[in-house]
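Morning, everyone. I have one structure to walk through today. Let me put it up.

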Amino acid sequence: AERIKAAKAAASVSAAAMENLVNAWKPTVPQLKAMSVAELTPLLKSWKVHIDPAGFSRDVMLAKALKVIHNVEEYDPLEFVD
């Protein structure tokens, strides 16, 4: 019975640590630039960034993500990703 309690406690600590790790993950600028609208949407939601439905374009979403996550003010949508 003690082993089961210890295993459950360890599992919950492990789950909490994993959740913190996932929530603390910060995508790099190249990772952000490679993301699609479908990938940017949940990321922006997790960072609590509101996207107006009119602004549901990849460029608008990427500019907001870069600004909020990396404080990048200037984003040129015509710049190619390496």
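Start with the surface. The accessible surface of the protein comes to about 6,300 Å². Carbon and sulfur atoms account for 62% of that. Keep in mind that this is a predicted model.

Now the layout. The protein has 4 helices and 0 strands. From the N terminus on, the order reads α-α-α-α. There are 82 residues in the protein, and buried ones make up 21% of them. What about contacts along the chain? Take those between residues at least 6 apart in sequence: 37% of them join residues at least 24 apart.

Next, two residues. First up is T41. T41 sits in helix α3. Is T41 buried or exposed? T41 is buried, because its relative accessible area is 17% and the cut-off for buried is under 20%. The T41 side chain has a polar contact with the backbone oxygen of V37, at 2.7 Å. Leaving aside residues up to four places away in sequence, T41 touches F56 and M61.

Now S57. Where does S57 lie? S57 is in the loop between α3 (37-46) and α4 (58-70). Its relative accessible area is 32%, so S57 counts as partly exposed. A polar atom of the S57 side chain lies 3.3 Å from the backbone nitrogen of V60.

V37 comes up again here. S57 and V37 are 20 residues apart in sequence. In space, their C-alpha atoms are 7.1 Å apart.

Note on methods. Residues are numbered from 1 along each chain as its sequence is written. This is a predicted model: local features need pLDDT of at least 70, side-chain atom pairs count only at pLDDT 80 or more; totals for chains, interfaces and linings use all residues. Side-chain values use heavy atoms; hydrogens and water are left out. Helices (H or I, at least four residues) and strands (E, at least two) are DSSP runs, numbered from the N terminus. Buried means under 20% relative accessible area, exposed over 50%, partly exposed in between (1.4 Å probe, protein chains only). Contact means heavy atoms within 4.5 Å. Accessible areas come from the Shrake-Rupley method with a 1.4 Å probe; for residues, only the protein chains shown count as cover. A polar contact is a pair of N or O atoms within 3.5 Å; within protein, one must be able to donate a hydrogen and the other to accept it, and residues adjacent in sequence count only if both atoms are side-chain atoms.
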